[in-house]
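Open the model in your viewer and keep the selection panel at hand. We will go stop by stop.

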Amino acid sequence: MFTKKNILSMRDFSRSEIDLVLEGAEKLEKYALGKKSDLLQGKIMANLFFEPSTRTRLSFESAMKRLGGEVLNLGSQEASSISKGETLSDTVRVISNYCDVLVLRHPKEGAARMAAQFSSVPVINAGDGAGHHPTQTLLDLYTIKRESFLDGVSIALVGDLKYGRTVHSLAYALAMYDAKMFLVSPEQLKMPDDIKSDLKDLGAEVIESTSLNDVVKDLDVLYVTRIQRERFPDPEEYGKVADSYCVSLDLLNDVRKNLIIMHPLPRVNEIDVEVDKTPHAKYFKQAFYAVPVRMALLTLLLGD
Amino acid sequence: MERELRIKSIHNGTVIDHIRAGQALNVLKILRITGASKAVISVAMNVPSKNITSKDIVKIEDRELASDEVDKIALIAPNATINIIRGYEVIEKHKVQLPDEIEGIIKCANPNCISNTKEPVSPKFVLHEVDPLQFRCFYCDRILVGDFIDYVKT
Ligand SMILES: Nc1ncnc2c1ncn2[C@@H]1O[C@H](COP(=O)(O)OP(=O)(O)OP(=O)(O)O)[C@@H](O)[C@H]1O
Ligand SMILES: [Mg+2]
Ligand SMILES: [Zn+2]
């Protein structure tokens with residue numbers, strides 16, 4: 001039974017609730033591919049985006065429309081002029097009168113949880129500052145489930161593991177599936193100790209490494225994230241680090257046959273375009289899976 | 001000798017005893033008891049004590065503080081005891097208990113937290129760990145550790 005009124009943070013999810021979303025997504029995939037549906041006919045979703053986003057906003061919109069629902073869009077331009085005039089809580093109280101579900105992206109951490117207190121309809125957190133982005137985690141899990149397997153998966157999380165909070169919530173969720181996790185990052189961007197110890201408490205096997213080369217042969221999933229230039233005061237240092245975590249054909253010489261490579265996109269140069277042609281590349285498939293997963297969340301929240 | 005109190009006996013009211021030395025004024029701050037309130041208040045600081053090296057004591061006349069009112073001082077005075085005085089006698093005594101949730105007393109250390117904006121919500125925290133004491137922001141999940149008096153809203 002799915003009893004959530006809102007989708008705010010992965011912290012609120014039990015494993016069985018995650019499974020429910022993933023199973024829902026599987027059933028809805030055919031509609032994401034274009035089959036007609038009127039599952040959410042008569043329902044209205046409002047996109048309330050106080051920060052620019054294309055992928056997340058469009059995939060929500062696609063999910064809603066393909067299930068026969070309608071979408072109201074408040075873009076970042078409009079939203080920012082609103083936010084000068086009134087509080088988010090007032091905006092949410094007003095907009096929730098016009099829709100059945102509200103999708104919120106906001107620069108302040110905790111914005112979605114606050115919005116849920118003022119909204120008369122369910123709120124989905126589509127990213128709050130450096131905070132949570134639970135629908136991204138769910139679609140990552142779904143991609144792993146569909147293209148590889150979740151239980152006991154051997155996965156490397158690569159890149160900025162210190163500030164990348166979506167990596168943290170993905171790691172938490174994976175721990176619930178007894179994943180073997182390789183945390184691969186430069187020394188300066190290692191996963192914080194408290195998170196690592198939480199992961200171990202949850203039963204995950206956690207192995208830290210600074211070298212992608214050392215671990216790549218033992219992986220089912222290679223999850224690559226961006227290392228941001230701003231994290232490095234020295235541009236030369238940044239260049240060296242970024243290069244050493246770049247996924248190229250060379251790296252993939254002795255990997256497992258079924259290895260999948262994921263990336264939340266957009267990529268800059270973390271993955272060489274040459275890799276796109278290999279059967280390992282699943283990042284565009286991952287972008288597609290955003291739609292059935294968001295469909296599943298919408299139907300779970302709006303279904304009667 | 002027991003009768004020879006450092007502060008004169010009160011007829012009715014509340015004695016907050018065993019406050020960590022130096023924290024008496026912060027206790028009053030958390031309880032929002034200021035000079036502006038009419039109550040007669042006595043404060044004794046750095047009083048020698050049997051159990052702890054020294055302690056602070058606060059006595060509030062003619063006011064019986066309910067436990068949900070005072071429990072929040074456990075943030076900075078975890079060993080404090082609350083004594084309710086009637087007719088010069090202690091008629092009720094209990095230790096402060098760390099609340100599972102704290103609302104409106106401390107503010108979030110994360111400058112980018114929604115509770116630190118003009119939004120009409122008061123900061124709220126959930127007990128995360130008892131030793132060492134940690135509270136988690138209900139909104140942004142930031143964990144607060146250390147000296148909680150630094151986080152008390154002014
Ligand atoms: N009538 C009163 N007026 C002011 N202070 C009082 C009065 N009665 C007791 N107190 C103070 O209240 C506190 C608790 O009193 P109590 O007689 O229970 O002492 P105690 O046996 O030392 O208690 P504890 O074990 O909590 O230290 C002491 O600090 C005492 O000085
Ligand atoms: Mg005593
Ligand atoms: Zn906060």
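This is a predicted model.

**Stop 1: ligand 1**

Select ligand 1 and its surroundings. Twelve residues surround it, and the closest are Ile10(B), Asp17(B), His18(B), Lys59(B) and Lys93(B). By class, the shell around ligand 1 holds six nonpolar, three polar and three charged residues.

Now show the polar atoms. A nitrogen atom of ligand 1 sits 2.7 Å from a backbone N or O atom of Ile10(B). At Tyr88(B), a polar backbone atom is 3.0 Å from a nitrogen atom of ligand 1. The side chain of Asp17(B) places an N or O atom 3.0 Å from an oxygen atom of ligand 1. On its own, ligand 1 has 620 Å² of accessible area, and the protein covers 70% of that.

Colour chain B by element next. Strand S1 (13-20), strand S4 (81-86) and strand S5 (89-95) of chain B each give two or more residues to the shell around ligand 1. Which of these gives the largest share of the shell? S1(B) does, with three residues.

**Stop 2: Asp17(B)**

Stay on strand S1 of chain B and select Asp17(B), which lies in it. Is Asp17(B) buried or exposed? Its relative accessible area is 14%, under the 20% cut-off, so Asp17(B) counts as buried.

Show its side-chain partners. Asp17(B) makes a polar contact of 2.8 Å with the side chain of Lys55(B). A further polar contact, at 3.4 Å, links the side chains of Asp17(B) and His18(B). Then widen the selection. Beyond four places in sequence, Asp17(B) is in contact with residues including Asp56(B), Ile57(B), Asn79(B), Ala80(B), Thr81(B) and Asn83(B).

**Stop 3: the domains of chain A**

Switch to chain A. Domain 1 of chain A puts 25 residues into the contact, and domain 2 of chain A puts in 22 residues.

**Stop 4: Phe60(A)**

Select Phe60(A), in helix H2 (residues 55-66) of chain A. Its relative accessibility is 0%, so Phe60(A) is buried. Setting aside residues up to four places away in sequence, Phe60(A) touches Met45(A), Asn47(A), Val103(A), Ile124(A), Ala126(A), Thr135(A), Arg294(A) and Leu298(A). Ser37(A) is 23 residues from Phe60(A) along the chain, and their C-alpha atoms are 16 Å apart.

**Stop 5: backbone checks**

Most residues other than glycine have a negative phi, and most peptide bonds are trans.

- Pro266(A) is in the loop between strand S9 (260-262) and helix H11 (283-302) of chain A.
- Look for Pro132(B) in the loop between strand S7 (124-129) and strand S8 (134-137) of chain B.
- Asp178(A) is partly exposed, at 48% relative accessibility.
- Find Arg32(B) in the loop between helix H1 (24-30) and strand S2 (41-48) of chain B. With a relative accessible area of 48%, Arg32(B) is partly exposed.

Notes. Residues are numbered from 1 along each chain as its sequence is written. Chains are lettered from A and ligands numbered from 1 in the order in which they are written. This is a predicted model: local features need pLDDT of at least 70, side-chain atom pairs count only at pLDDT 80 or more; totals for chains, interfaces and linings use all residues. Side-chain values use heavy atoms; hydrogens and water are left out. A residue is near a molecule or strand if one of its heavy atoms lies within 4 Å of it. A polar contact is a pair of N or O atoms within 3.5 Å; within protein, one must be able to donate a hydrogen and the other to accept it, and residues adjacent in sequence count only if both atoms are side-chain atoms. Accessible areas come from the Shrake-Rupley method with a 1.4 Å probe; for residues, only the protein chains shown count as cover. Helices (H or I, at least four residues) and strands (E, at least two) are DSSP runs, numbered from the N terminus. Ala, Val, Leu, Ile, Met, Phe, Trp, Tyr, Cys and Pro count as nonpolar, Asp, Glu, Lys and Arg as charged, and the others, Gly among them, as polar. Buried means under 20% relative accessible area, exposed over 50%, partly exposed in between (1.4 Å probe, protein chains only). Contact means heavy atoms within 4.5 Å.
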